[in-house]
Amino acid sequence: MKAGSNLEKVLESGRFAVTAEAGPPKGTSAAVVQKKAETLRNACDAVNITDNQTAIVRMCSLAGCVIVKQQGVEPVMQMVVRDRNRIAIQSDVLGAIALGIRNILCLTGDHQKFGNHPSARGVYDIDSIQLIQTLKRMRDEKKFINGEDISGEVPLFIGAAENPFADPFEFRVIRLAKKIEAGADFIQTQAVYDVPKFKRWMEMVTERGLDKKTHILAGIIPIRAVGMARYMRDNVPGISLPNELVTRMEQATSGKEEGLKIALETIEQMKEIPGVHGIHIMAVGWEDIVPTLVERVKLLPRPVL
Amino acid sequence: MKAITGQKPFEEIAQLLGKCENVYIVGCGTCATMCHTGGKAEVLKMKEQLESTGKKVTGWMVIPTPCDTLTEDALKEDTEAIKAASCLLVMACAFGVQTVALYTDKAVYPALNTLFIGQEEAPGRFYEACLQCGNCVLGLTAGICPLVRCAKGLLNGPCGGSVGGKCEVSPETPCAWQLIIDRLKEQGQLEKLEKITPIRDWSTSLSGGPRRTTVKS
């Protein structure tokens, strides 16, 4: 065991893992985070706490993680390189470990241009692959980037993201291999709507044997309404949402029901794809649906290890 | 090397000039002329604009290259008009502004924003080519700089926002990593990108403090 986190135990035991995402509030209320943690408590193995997602200022991921952990729910701390240099990054990692956080997801972060402070200076001192490398070195060699020693233990289960739907398609697998080489123990992918494309990507992943070197969790974003489907199709860079799903949402009497159905079908298909070790549900602002979703794909109860 | 400039909004220029009523204008015959931001035409237009707001323009000149030391001689040629002014408005890149400031005791104000070191891809269309980071990576990236041409300056790109060869920040911006990959593929060198590019040393850039160098003789 590298960190002994619940997520690590579930994945290492060969079980199909479920993680879910919760965004901290644009404010100071711990209760908002606690409520999300309660909703997700029994429906997943760990909860990702986002790090100023879409470059909008929110309560920091570290605080969100601690609040969730105090509730007895395991957090995955998301960490972007957009807002911190290597000094702040390493310092935050030390603090996170001291506060009992064991899972960290390494991300580049959405460009600041998309957020609510578009005039901010982007940091990008290191990139996401170098962040993975940094955490691995901190854990395995107990060294900082500069080679100095870290005192104390550094138990970490290191995650990364990958987007199979971005371009250039053939290079995405090479980049995944780089992330694994850098030290990614698990991968959470961008939301899957285009299942055939995802399957093609997974074939390339398994051909290279990458599924044996890391745990891949397929991303799921349940669609709530036809407007959301159209928005994701047209405006979210790197999301591939087929027209036929938009048509299904348009023709449905209840958008929520149809969105749920699409998510259920997608998860069932993910369970069948060789090399997929779990799902990561990002029910942005619709966390309530997660327990229903997980129950209906027969992934409840979650294992207690 | 071309310093690409853009004109500051006139309101900002007016604010910079403040109570300075008598203004001398300096233009640039090189980069700013090419950018249509500080050539003769723009200098004359600025003169007109300033006069329409009640300022007095005591004189103007377009120095062929205001960033070099000949600027001192150029300014001497119009001593009287400059003397009559209480400030100089320089329509050149920041380098030109600072050079002019070396040779006058008067207040010097910039009329332009210096945008970047540009490469001309089509007549009048420029993109940023170099960050002057002090630690060139072009040898690894097929001669395309990811530090300025990738919105996130990634050394191990592309990020998940690269779609159809374009960057997530703007549909007009090519994804630098798509360009790098295409070119390395053409050269049969794509395996170069399978290796992780390590964390870089930013101390050679401005992060290391103001930079200076002495040319060895």
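This is a predicted model: local features need pLDDT of at least 70, side-chain atom pairs count only at pLDDT 80 or more; totals for chains, interfaces and linings use all residues.
Just after helix H8 of chain B, Gly188(B) takes a positive phi of about 65°. Between them, chain B and chain A bury about 2,500 Å², and over all chains the structure holds 30 salt bridges.

- Helix H8 of chain B covers residues 176-186, and its buried residues are Ala176(B), Trp177(B), Gln178(B), Ile180(B), Ile181(B) and Leu184(B).
- An α-helix has 3.6 residues a turn, so residues three or four places apart point the same way.
- The buried residues of H8(B) pack against elements of both chains: helix H6 (169-182) of chain A, and helix H7 (146-149) and strand E9 (170-174) of chain B.
- Chain B is assigned two domains, with domain 1 spanning 3-115 and domain 2 spanning 133-198.
- The C-alpha centres of domain 1 and domain 2 of chain B are 38 Å apart.

**The interface between chain B and chain A**

- On the side of chain B, 29 residues are in contact with 31 residues of chain A.
- Of the area of about 2,500 Å² that the two chains bury between them, 54% is on carbon and sulfur atoms.
- Within chain B, the residues that lose the most area to chain A are Lys152(B), Ile196(B) and Ile199(B), which together account for 26% of what that side buries.
- Two salt bridges are found across the interface of chain B and chain A.
- A salt bridge joins the side chains of Arg208(A) and Glu194(B), with an N to O distance of 3.8 Å.
- Between chain B and chain A, 21 residue pairs are in polar contact.
- H8(B) supplies three residues, the largest share of the side of chain B that touches chain A.
- By residue type, the side of chain B that touches chain A divides into 13 nonpolar, 10 polar and six charged residues.

**Salt bridges within chain A**

- The side chains of Lys2(A) and Asp185(A) form a salt bridge at 2.7 Å, N to O.
- Lys2(A) lies in the segment before helix H1 (6-12) of chain A, and Asp185(A) lies in the loop between H6 and strand E6 (186-191) of chain A, so this pair ties together parts that are 183 residues apart in sequence.
- Lys2(A) is partly exposed because its relative accessible area is 42%, whereas Asp185(A) counts as buried at 7% relative accessibility.
- Lys2(A) and Asp185(A) also belong to a network of salt bridges that links them with Lys136(A), Arg139(A) and Asp140(A).
- Glu287(A) and Lys36(A) meet through their side chains in a salt bridge of 3.5 Å, N to O.
- Glu287(A) is in the loop between strand E8 (276-281) and H11 of chain A, while Lys36(A) is in helix H2 (residues 30-40) of chain A, so the pair ties together parts that are 251 residues apart in sequence.
- With a relative accessibility of 9%, Glu287(A) counts as buried.
- In the salt bridge of Arg86(A) with Asp125(A), the closest N and O atoms are 2.8 Å apart.
- Arg86(A) is in helix H4 (residues 86-98) of chain A and Asp125(A) is in the loop between strand E4 (103-107) and helix H5 (128-140) of chain A, so the pair ties together parts that are 39 residues apart in sequence.
- Asp125(A) counts as buried, its relative accessibility being 11%.

- Arg302(A) lies in the segment after helix H11 (289-296) of chain A, and Val297(A) is placed in the segment after H11 of chain A.
- Arg302(A) counts as buried because its relative accessibility is 11%, which is under 20%.
- The side chain of Arg302(A) reaches the backbone oxygen of Phe16(A) at 2.8 Å.
- A polar atom of the side chain of Arg302(A) also lies 2.7 Å from the backbone oxygen of Leu299(A).
- Beyond its neighbours within four places in sequence, the contacts of Arg302(A) include Val10(A), Phe16(A), Asn42(A), Asp45(A) and Val294(A).
- Val297(A) counts as buried, with a relative accessibility of 0%.
- Val297(A) and Thr266(A) are 31 residues apart in sequence, and their C-alpha atoms are 10.0 Å apart in space.
- When neighbours within four places in sequence are left aside, Val297(A) is in contact with Leu264(A), Ile267(A), Glu268(A) and Lys271(A).

Methods
Residues are numbered from 1 along each chain as its sequence is written. Chains are lettered from A and ligands numbered from 1 in the order in which they are written. Side-chain values use heavy atoms; hydrogens and water are left out. Buried means under 20% relative accessible area, exposed over 50%, partly exposed in between (1.4 Å probe, protein chains only). Helices (H or I, at least four residues) and strands (E, at least two) are DSSP runs, numbered from the N terminus. Contact means heavy atoms within 4.5 Å. Buried area is the accessible area (1.4 Å probe) that two parts lose on being put together, summed over both. A salt bridge is a side-chain nitrogen of Lys or Arg within 4 Å of a carboxyl oxygen of Asp or Glu. A polar contact is a pair of N or O atoms within 3.5 Å; within protein, one must be able to donate a hydrogen and the other to accept it, and residues adjacent in sequence count only if both atoms are side-chain atoms. Ala, Val, Leu, Ile, Met, Phe, Trp, Tyr, Cys and Pro count as nonpolar, Asp, Glu, Lys and Arg as charged, and the others, Gly among them, as polar. Domain bounds come from an automatic or database domain assignment.
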